[in-house]
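Hi,

Here is the structure I promised to pass on. Have a look at it first, and my notes follow below.

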Amino acid sequence: MTEQAEQPFLYVVVCAAGIAAGVSKLISAAQERDWQVGVIATPVAMGGFFDVAAVEGQTGRPVRSAWRTPADPRPFPPPDAVVVAPATFNTVNKWAAGIADTLALGTLCEAAGTGLPIAVLPCVADALAAHPAYQDSLARLRGMGVRFGAAHTGEARPDGGRPEFAWERALDLL
Ligand SMILES: Cc1cc2nc3c(=O)[nH]c(=O)nc-3n(C[C@H](O)[C@H](O)[C@H](O)COP(=O)(O)O)c2cc1C
């Protein structure tokens, strides 16, 4: 067995939040911790939320977003763990409701059912996070064993600065 084949495989699910532009930080940190990384993005996230070509260069694999055809082989090995970062209001709610109409959501719904470690870093504005459906979704996913990082709003502080997004926290949660 090659050294590469012995490395655990991490799926990084990227949603369409503005902070997604920094996802390379998470990939680098995961690789430093000896994970192989494959990125699965939501279809909206593919539309300019992060540099897809740079991520493909960094991971050495295509970024997946569309379903494969039945005849196509699975392009990624099965995961040993899954990180969702950033996680949007939309994806958290759809995942908790069991909706699997994108590859990202299908992957998340399935992963939760296998008992794999799953860590989520939400990036959701306070006004959206106050929606009762979101609070119910968090409770439901936590009840399924999904691990959450601290709330992050993506919004600027009164002094104009922006709080850091704790990318590495996702790896600590696994
Ligand atoms: C520039 C921009 C930034 C956004 N940032 C966020 C965000 O931080 N969190 C969030 O929940 N939605 C954010 N949205 C809205 C989502 O992109 C939108 O709800 C989308 O449907 C999410 O799709 P997805 O969950 O499939 O990735 C943003 C939209 C735009 C245009």
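Let's start with the ligand: of the 14 residues around it, the nearest are A16, A17, T42, T88 and N90. "Around" here is a matter of the C-beta atom, placed from the backbone, lying within 6 Å of the molecule. By class, that shell has eight nonpolar, six polar and no charged residues. For the classes, Ala, Val, Leu, Ile, Met, Phe, Trp, Tyr, Cys and Pro count as nonpolar, Asp, Glu, Lys and Arg as charged, and the others, Gly among them, as polar.

Two things to keep in mind while reading. This is a predicted model, in which local features need pLDDT of at least 70 and side-chain atom pairs count only at pLDDT 80 or more, while totals for chains, interfaces and linings use all residues. Residues are numbered from 1 along each chain as its sequence is written.

Now helix 4, residues 89-96. (Helices are DSSP runs of H or I with at least four residues, strands are runs of E with at least two, and both are numbered from the N terminus.) Seven of its eight residues are buried, so helix 4 is largely enclosed by the rest of the structure. Buried means 20 or more other C-beta atoms within 10 Å of the residue's own, exposed means 12 or fewer, and partly exposed is in between, with C-beta atoms placed from the backbone. The buried ones are F89, T91, V92, N93, K94, W95 and A96. What do they pack against? Their partners are strand 3 (81-87), helix 5, strand 4 (118-122), helix 6 (126-129) and helix 7 (132-143). Contact, here and below, means C-beta atoms, placed from the backbone, within 7 Å of each other. After helix 4 comes G98, with a positive phi near 80°.

Helix 4 packs on helix 5 (residues 103-114) at an angle of about 50°, the axes being 10 Å apart. That makes helix 4 oblique to helix 5. The axes are lines fitted to C-alpha atoms, for helices over the stretch in contact, and the angles run from 0 to 180 degrees between N-to-C directions. Under 35 degrees counts as roughly parallel, over 145 as roughly antiparallel, 65 to 115 as roughly perpendicular, and the rest as oblique. The crossing of helix 4 and helix 5 is right-handed; that is the name if the near helix is turned clockwise from the far one by less than a right angle, and left-handed if anticlockwise. T91, K94 and W95 of helix 4 make the contact with A104, L105, L108 and C109 of helix 5. By class, this gives five nonpolar, one polar and one charged residues.

With helix 7, the axis of helix 4 comes within 9 Å and crosses at roughly 55°. Helix 4 is therefore oblique to helix 7 as well, but this crossing is left-handed. F89, V92, N93, W95 and A96 in helix 4 meet A133, Y134, S137, R140 and L141 in helix 7. The contact divides into seven nonpolar, two polar and one charged residues.

Elsewhere, the axes of helix 2 (23-32) and helix 3 (residues 52-59) cross at roughly 5° and come within 11 Å. That makes helix 2 roughly parallel to helix 3. V23, S24 and I27 of helix 2 touch A54, V55, Q58 and T59 of helix 3, a set with four nonpolar, three polar and no charged residues.

On to single residues. G38 sits in strand 2 (residues 36-41) and is buried, with 21 other C-beta atoms within 10 Å. Leaving out residues up to four places away in sequence, G38 touches F9, Y11, T59, R61 and F76. Q36 is also in strand 2, and Q36 is buried with 20 other C-beta atoms within 10 Å.

G149 lies in the loop between strand 5 (147-148) and helix 8 (169-173). G149 is buried too, with 22 other C-beta atoms within 10 Å. G149 and R169 are 20 residues apart in sequence and 6.7 Å apart in space, C-alpha to C-alpha.

Finally, some backbone geometry. Which residues does the cis peptide bond join? A85 and P86, with omega about -5°; P86 is in strand 3. D34 is not a glycine, yet has a positive phi of about 75°. D34 is in the loop between helix 2 and strand 2, and counts as exposed with 11 C-beta neighbours inside 10 Å.

Cheers

Key:
Contact = placed C-beta atoms within 7 Å.
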